[in-house]
Amino acid sequence: AIYRRVISDEPENADALHLLGALCSRTGRVAEARALLSRAIQADPSVPQFHNNLGSLLGRMERPAEAAVHLRQAIRLRPDYAEAHLNLGIALEQVGQVDHAEAAFRQAAQLKPKWPQARRSLGTLLRTLGRGDEAETELRAAIAAAPDDIENYSQLAAVYASQGRIEETTNCYRDAAARHPNAAAPHSDLLHLLHYDPALTAEALLCEAKQWAQKHAEPLRGEVQPPGNDRSPDRRLRIGFVSADLREHPVARLMLPILRFLDRSRFEIFCYSDVAKPEETTSELRKLSDGWRETANLTDAALANLVRQDGIDVLVDLGGHMGGNRLLTFARKPAPVQFTHFNYPDTTGMTAMDWRITDELSEPTGSGADRFSTERLMRLPHCAWCYDPGDPTPPVGPLPATANVFVTFGCLNKPLKVTRPAVALWSRILRSVENSRLMLLTGDRESRHVRSRFADHGIDDRRLTFVGLRPRYAFLELFKQIDIALDPFPYNGGVTTCDGLWMGVPHVTLAGNSYMARQGLMLLTNLGLDDLIARDMEDYHQLAVSLAADLSRLTALRSEMRSRLAKSSLMDCEGFARDLGAAFRQIWKH
């Protein structure tokens, strides 16, 4: 109000225009902020802060090229302006000029060596460029400068994760959770990471999940309101799906069959999208939804209120304890029935989450799986999710061993799944199959730590091939170089396994005792390939070695695998949608 009075008396007062523009920017009124900051520059173009703040705003408005013009002007007016160098780096990274962005971030860090934002921005960029060791140095400096900033730990954990360093990744999240005991997100991140640790038992994971819920979810029970939903058992139900991954992500591909085939005469589908930057896939999902809500800027409490206003009958969580989850919305019980479904492989630990969707193969009735879940288990008859390969996909290629005269094993799952027991077993397989190779999804610059693990088991570096992340079509093309896929354990592949099967590559898997350790079993059983499911490590070794010696069978499997998958329950999207709809109806009646 004061700034507006000043501007009313002095319309060209540059300071008042700038300060009001900065205030509007901080409170989300971006259009007004842009106009005010532009007027401030017109009134006095010699002030570097005016240009910096407008450039920063334009960057947040996703107008990075315009932002860079103003930020460069700020630097011309004041070459030692660290904030302008940082903001310029952000804008240049947005337009893909990563070399220039790196230089800008380095300049900001040089001007302010103990400025955590500069060191973190540089470290994060270096991580995306696959320069993990350099990124680690910068992010450690950011943590030293700002030990209470959770984002610094998250970025350093991402560096370790890309290198398959499970212990260091877990310790990062432990440190963040210890420094912020009242923050749910780092504790969720830690809980998710613990699933990659082969030493942890189901009992330990359940205990950790319950501790998370007791600390973060249970205190919100006072916000639970009695549901006002119509209790008619057979009426059309409103189903809500909550996710931060309705974009180019496996969750989005798993959602497509539900949106396409769930019976709309019986169900009305709402999607609560926490995607900050919608993509083409987001638009496709939106078109298939009956109701679409952009929720990235809503608090957990505000999202719960929105769900209540929409009259949702069954609310489905698609995140579990994965990053960007909304479990604290579910803790407020905004819908009378609440599910957690795919993406996260375990219990949430919450009493407010009523059910978890699984299947008879992953967690068989009578197996004891129920006692490790705070939710009741709803077992679908065939599979808990449905695979849609998307379009286009590459054709299946010939068996590479025929031309190579050696067998190539492969695992294109995230590096964290390449556990020490898996490395030991895979090294034994490589030693047993003469001249064989192994392809892993770890950028070449990030591979030093993985290479050393194999070296400890006597595997020559030349027998390992490392490939980095790439767009989906190119990722699928990688399977043309693989003869046999080795499923990681204890955290099996899921969608990635289906991708490999779609490209004709048989998988050898080790059946475990939990949902995450039985995804390989579930997938191969549905394809009638029970003979590729190992019951113990010795069996896994024998299956892989014998399959590598049988090129005629590998050729036959490669030629028929796509057809097997297409005809299986895994790609019967209509059947899956019927099963899921029946589960919704059964639980609603219950």
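Which strands does helix α23 lie across? Helix α23 (residues 519-526) lies across β12 and β13, at about 135° to β12; helices (H or I, at least four residues) and strands (E, at least two) are DSSP runs, numbered from the N terminus. Contact means heavy atoms within 4.5 Å, and angles run from 0 to 180 degrees between N-to-C directions of axes, which are lines fitted to C-alpha atoms, for helices over the stretch in contact.

The model is predicted, with local features needing pLDDT of at least 70 and side-chain atom pairs counting only at pLDDT 80 or more, while totals for chains, interfaces and linings use all residues. Residues are numbered from 1 along each chain as its sequence is written, and side-chain values use heavy atoms, leaving out hydrogens and water.

The strands β12 and β13 belong to an open sheet of six strands, ordered β10-β9-β8-β11-β12-β13 with parallel pairing; two strands pair if DSSP finds at least two bridges between them. Because β10 (464-467) and β13 (533-534) each have a single partner strand, one side of each is left without a neighbour in the sheet. Within this sheet, β11 (residues 484-486) and β12 (residues 507-510) are joined in the parallel sense over two bridges, and Leu486 faces Val508 in β12. Helix α19 (residues 420-432) lies across β8, β9, β10 and β11, at about 150° to β9.

A further open sheet has seven strands in the order β3-β2-β1-β4-β5-β6-β7, again with parallel pairing. Its edge strands, β3 (291-294) and β7 (376-380), each pair on one side only. Helix α16 (residues 300-309) packs on this sheet, touching β1, β2, β3 and β4.
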